[in-house]
Amino acid sequence: DVLMLNRRTFLAAASASFVVPALAAEEGLTLAFIPQENPEKLLGDIKVITGWLSEHMGVPVIGFVTFDHAAAVEALRNGDADISFMGALPFVLAEDQLGAVPLLSEVYRGQPSYSGRVFVRKDSGIETLADLKGRDIAFADPVSESGYIYPLDLFVREGLISGTDDADSFFGRKFFAGGYQQAMQAMANGLVDAAGASQYADLFLTPDQQAEVRVLAESEQIPSHAVIARPGLDAGLQTRFVNVMLSLNDPENRYLLAYLYGPDGYVTADPEVYEGVRETARRYGFLK
């Protein structure tokens, strides 16, 4: 089963303490997915991967797409999700707010880390970050490391803004598009002048569009996206999930990675590698 939650239905479900559709921990798992790409495509992908997980774990596994990163954290808090796929920044927020536990980290293009980038069209005439003063920019999500905070931090390091508070006065307009793909399409189609998104977000564009965009600036490396669990999840079920997910690294199962945002594979998560993200989150007021 796959569900799509928009903000209204998600908040209604959360306020009613509604579990989507309720599965006790010993009966199965509910997975929350963030919409970093087209949610309609993601729904089809989830149906494939949850079916495979159900078969190999021997318990029902269902999944749904959250409205954004914050909704994924809220789903874990409310028990509407047992496990969520999310970026490093929402993970450290979930860790701080509710004691969420990192289970797995993505390996992408052979690396356990990646960067945030600012993309522009090659014909835009924009040569530096300073050239974006008064221009429009689309970011992926307000609770995203590579899709907001790390690209924005590039402007801070250049002395163009002091932080999130004065970003609106620097840019013409600042949008949150809802995902990497949405932000990149807005830039590629000329709806905005620039996009702040993941190092690999241009892969969501068509080959023709890719040829028309370039990287204006790139952040430091960020730990890859994580798979995290709510506190109190049945330990046996959690271990079974991790082991089955790690079996996606096996050659005969690797084709299924395309249905999970397309990483090279997964490794067991190391909480220590997120310390830089925790520091950045504190600097920008996400953590105390």
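Colleague: Why does F33 count as buried?

Modeller: The relative accessibility of F33 is 1%. Buried means under 20% relative accessible area, exposed over 50%, and partly exposed in between (1.4 Å probe, protein chains only), so F33 counts as buried. This is a predicted model, in which local features need pLDDT of at least 70, side-chain atom pairs count only at pLDDT 80 or more, and totals for chains, interfaces and linings use all residues. Residues are numbered from 1 along each chain as its sequence is written, and side-chain values use heavy atoms, with hydrogens and water left out.

Colleague: Which residues is F33 in contact with, leaving aside its neighbours within four places in sequence?

Modeller: Contact means heavy atoms within 4.5 Å. By that criterion the partners of F33 include L42, I46, I49, F64, F85 and Y261. F33 itself belongs to strand β2 (residues 29-33), strands being DSSP runs of E of at least two residues and helices runs of H or I of at least four, numbered from the N terminus.

Colleague: What makes D68 a cap of α3?

Modeller: A side-chain oxygen of D68 lies 3.3 Å from the backbone nitrogen of A70, at the N-terminal end of α3. A polar contact is a pair of N or O atoms within 3.5 Å; within protein, one must be able to donate a hydrogen and the other to accept it, and residues adjacent in sequence count only if both atoms are side-chain atoms. Within α3 (residues 69-78), the buried residues are H69, A71, A72, V73, A75 and L76. Just after α3, G79 has a positive phi of about 80°.

Colleague: How do you know which residues of α2 meet α9?

Modeller: The contact criterion gives W52, L53, H56 and M57 in α2, facing L237, R240, F241, V244 and M245 in α9. These residues divide into 7 nonpolar, 1 polar and 1 charged. Helix α2 (residues 39-57) and helix α9 (residues 235-246) pack at about 115°, with axes 10 Å apart.

Colleague: Why are β8 and β10 said to stand at the edges?

Modeller: The open sheet of 5 strands has the order β8-β7-β9-β6-β10, with mixed pairing. Both β8 (174-176) and β10 (213-223) have a single partner strand, so one side of each lacks a neighbour in the sheet.

Colleague: What makes β6 and β9 a pair?

Modeller: Two strands pair if DSSP finds at least two bridges between them. Strands β6 (residues 113-121) and β9 (residues 194-198) are joined by 5 bridges and run antiparallel, so they meet the criterion. G116 stands opposite S198 in β9.

Methods:
Axes fitted to C-alpha atoms, helices over the stretch in contact; angles between N-to-C directions. Nonpolar A, V, L, I, M, F, W, Y, C, P; charged D, E, K, R; others polar.
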